[in-house]
Each structure stands twice: as structure tokens, then as C-alpha cells.
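Please read these notes beside the sequence and the coordinates.

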Amino acid sequence: MQNISQTNPLPDLSQVPLFSVSDEKCLADVAEVLKKHRCLDRFGVNLLHQHFSVGDDEVMLETNNPDDRTLRMRPVKVAEIEATHARITSWRLDTGKPQMACICIQAPNGHEHHSRG
């Protein structure tokens, strides 16, 4: 698993422009490509931003608690999760090829945690 946060850092959320009409047109084009590949129900889009730095040896890990309906994202060392049943759930496309941006990990009770939009 490779993290690219330090080599290609994202802007802070406060520096990202608000959603615009041109963004809406862009996402309509993205939706058409996903439709063409029959992936509309598989992939979506996230706003690329950061709230704090993530180390080159870290990745953002998403976990959830279905009982209280909460999500938690936190940086963890890649070495901590390499032997787990992790699933990549978010990719950055601004590097020339898809790069992992976030993963979800399978809980001990066998319940898989997936990103939901």
C-alpha cells in the first residue's frame, strides 16, 4: 500500500473553492463515463482536501459503528494494516494513475465496513 499525501499534498478544506456550475458540468461528464462502464452503482466522487498532514508511512483508515451510526477516519501506520482484510475505498486520480486515498478494514466480528455516500 502506498500513500502519496506528503509527495502530493492536498489543499486544506478552507482553500478549496465552493461547488460551481462548471463543477456540475464536470461531474455530469464523469457520470456519463461511469455509466458507459456500468459503474454508476460502484464508484462516486469525493472532494479532495485535507484537515491535517498524513505521514508517508500512514494511510487514512475508515471504521464505523452501525449501532450508533457513526463513521471515524484516522491515520494509521500502513504496517499496522498490511496483514488485515483491508479494502481500498477511495482513490486519488491526480497523480497519473489511481492511488489509494482511504481504506476500510474488516472488523473482528466479520462485518465489513464500506464507505457510503
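1. Asp 94 is partly exposed in this predicted model, with a relative accessibility of 38%. The classes used here are buried for under 20% relative accessible area, exposed for over 50% and partly exposed in between, with a 1.4 Å probe and protein chains only. The side chain of Asp 94 meets that of Arg 92 in a salt bridge, N to O 2.8 Å. Arg 92, at 4% relative accessibility, counts as buried. A salt bridge here is a side-chain nitrogen of Lys or Arg within 4 Å of a carboxyl oxygen of Asp or Glu.

2. By this rule the count comes to two salt bridges. Asp 57 and Lys 77 form one of them, with their closest N and O atoms 2.9 Å apart. The pair links distant parts of the chain: Asp 57 sits in the loop between α1 and β1, Lys 77 in strand β2 (residues 70-77), 20 residues apart. Asp 57 is partly exposed at 41% relative accessible area, and Lys 77 is partly exposed at 35%. In general, side chains of opposite charge can pair when their charged atoms come close.

3. On conventions: residues are numbered from 1 along each chain as its sequence is written, and side-chain values use heavy atoms, with hydrogens and water left out. Since the model is predicted, local features need pLDDT of at least 70 and side-chain atom pairs count only at pLDDT 80 or more, while totals for chains, interfaces and linings use all residues.

4. The chain has two helices and four strands, in the order α-β-β-α-β-β from the N terminus. Elements are DSSP runs numbered from the N terminus: helices are H or I with at least four residues, strands are E with at least two. Of the 117 residues in the chain, 23% are buried. Among contacts (heavy atoms within 4.5 Å) between residues at least 6 apart in sequence, 50% join residues at least 24 apart.

5. Which residues does Met 60 touch, not counting those up to four places away in sequence? They are Phe 52, Val 54, Met 73, Arg 74, Pro 75, Ala 101, Cys 102 and Ile 103. Met 60 lies in strand β1 (residues 58-65) and is buried at 15% relative accessibility. The C-alpha atoms of Met 60 and Cys 102 are separated by 5.0 Å, although the two are 42 residues apart along the chain.

6. A nonpolar surface patch consists of Phe 43, Ile 88, Trp 91 and Leu 93, with about 390 Å² of accessible area together. Patches take residues with over 30% relative accessible area and no salt bridge, joining like charges within 9 Å and nonpolar side chains (Val, Leu, Ile, Met, Phe, Trp, Tyr) within 5 Å. Leu 93 is in the loop between β3 (86-92) and β4 and is exposed at 66%.

7. The search of the whole structure finds zero disulfides, a disulfide being a pair of cysteine sulfur atoms within 2.5 Å. Cys 26 is partly exposed at 44% relative accessible area, whereas Cys 39 is buried at 17%.

8. The mean pLDDT (the predictor's confidence in each residue, from 0 to 100) of the chain is 81, and 81% of its residues reach 70 or more.

Methods. Areas by Shrake-Rupley, 256 points an atom, 1.4 Å probe, with all protein chains shown as cover.
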